[in-house]
Amino acid sequence: MPFLLQWKGVVPAGRTYREMVMGFDCQATALAAAGVAVPKDKPLDGVNLLPFLTGDKPGRPHEQLFWRAGPQHAARVGDWKLVAVRDGETHLFNLKDDIGEKNDLAAKEPAKLKELQAVYAAWDQQMLPAQWRRQDARTQGATGNPGANRRGGGIEERFQQFDRNGDGKLTPAEFPRADLLKQMDQNADGVVTIEEAKAYSSGARRRPSHPEN
């Protein structure tokens, strides 16, 4: 998706910059333009594009970019793009030759497909599971209730999302909500099992939302 940037006297006029950038770069670029220093212990996801646009810095702002939304995800590595859609199909495109993503090369380039899948998996492994769920028909439970996945109906699925090493236990490193982890940890051993998570969820549903006086 192209976008326009103008800063008279700083950014060269009429130039087309074709390296890949992302939305977070706009924030980093605006902060740099305003002279705002970013703390080193709190780095931004974006990159200041100004030195790349003025030619003061060679190379690309990004060598790799990643996206994910539920079961859908994508990876951009150089000219190659991996796209995994909701129905489980995986596609591979070479954007240098096919910017419109019309020629799927997944079957013709299995080695490149496997390479990008491994790169995405490595990135995904270091990320926390999504902390939100869509509340439309695509995430409804068997009962048709949009809240079913959010409560008891989706406990096992949500547990598996957090249980990165698949050992059947949630540790503080895997679960970011320390207060909730402590509430679910019935035997106070520092980890939460699926049984403890289900018991907590069931008890939470039975508790009245407004305590009686």
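**Reading the labels on this chain**

Q: Where does Trp7 lie in the chain?
A: Trp7 is in the segment before α1. The model is predicted.

Q: Why is Trp7 called partly exposed?
A: Its relative accessible area is 37%. Buried needs under 20%, and exposed needs over 50%. Trp7 falls in between, so partly exposed is the label.

Q: What makes Phe3, Leu5, Trp7 and Val10 a nonpolar surface patch?
A: Patch residues need over 30% relative accessible area and no salt bridge, and nonpolar side chains are joined within 5 Å. Trp7, at 37%, is over that area cut-off. The four residues Phe3, Leu5, Trp7 and Val10 make a patch of about 340 Å².

Q: Why is Thr29 called buried?
A: The relative accessible area of Thr29 is 7%. The cut-off for buried is under 20%. Thr29 therefore counts as buried.

Q: Where is Thr29, and which residues does Thr29 touch?
A: Thr29 belongs to helix α1, residues 24-33. Leaving out residues up to four places away in sequence, Thr29 touches Val47, Asn48, Leu49 and Leu50. A touch here means heavy atoms within 4.5 Å.

Q: What makes Arg60 and Glu19 a salt bridge?
A: Their side chains meet at 2.9 Å, N to O. The cut-off is within 4 Å, from a Lys or Arg side-chain nitrogen to an Asp or Glu carboxyl oxygen. The pair Arg60 and Glu19 therefore qualifies.

Q: What makes this a link between distant parts of the chain?
A: Arg60 is in the loop between α2 (50-54) and β1 (64-69). Glu19 is in the segment before α1.

Q: Why are Arg60 and Glu19 both called partly exposed?
A: Arg60 has 29% relative accessibility. Glu19 has 31%. Both values lie between the 20% and 50% limits, so both residues count as partly exposed.

Q: Why does the pair Arg60 and Glu63 count as a salt bridge?
A: The N to O value for Arg60 and Glu63 is 3.7 Å. That is within 4 Å, so the pair passes.

Q: Why does the pair Arg68 and Asp124 count as a salt bridge?
A: The side chains of Arg68 and Asp124 meet at 2.6 Å, N to O. Within 4 Å is the requirement, so this pair passes as well.

Q: Which parts of the chain does the pair Arg68 and Asp124 tie together?
A: Arg68 lies in strand β1, and Asp124 lies in helix α3, residues 110-125. The pair therefore ties together parts 56 residues apart in sequence.

Q: Why are Arg68 and Asp124 called partly exposed?
A: Arg68 has 31% relative accessibility. Asp124 has 22%.

Q: What makes Glu19, Arg60 and Glu63 one network?
A: Salt bridges that share partners join Glu19, Arg60 and Glu63. Arg60 pairs with Glu19, and Arg60 also pairs with Glu63.

Q: How many salt bridges does this rule give?
A: The count is six.

Methods
Residues are numbered from 1 along each chain as its sequence is written. This is a predicted model: local features need pLDDT of at least 70, side-chain atom pairs count only at pLDDT 80 or more; totals for chains, interfaces and linings use all residues. Side-chain values use heavy atoms; hydrogens and water are left out. Helices (H or I, at least four residues) and strands (E, at least two) are DSSP runs, numbered from the N terminus. Buried means under 20% relative accessible area, exposed over 50%, partly exposed in between (1.4 Å probe, protein chains only). Patches are made of residues with over 30% relative accessible area and no salt bridge: like charges are joined within 9 Å, nonpolar side chains (Val, Leu, Ile, Met, Phe, Trp, Tyr) within 5 Å. Accessible areas come from the Shrake-Rupley method with a 1.4 Å probe; for residues, only the protein chains shown count as cover.
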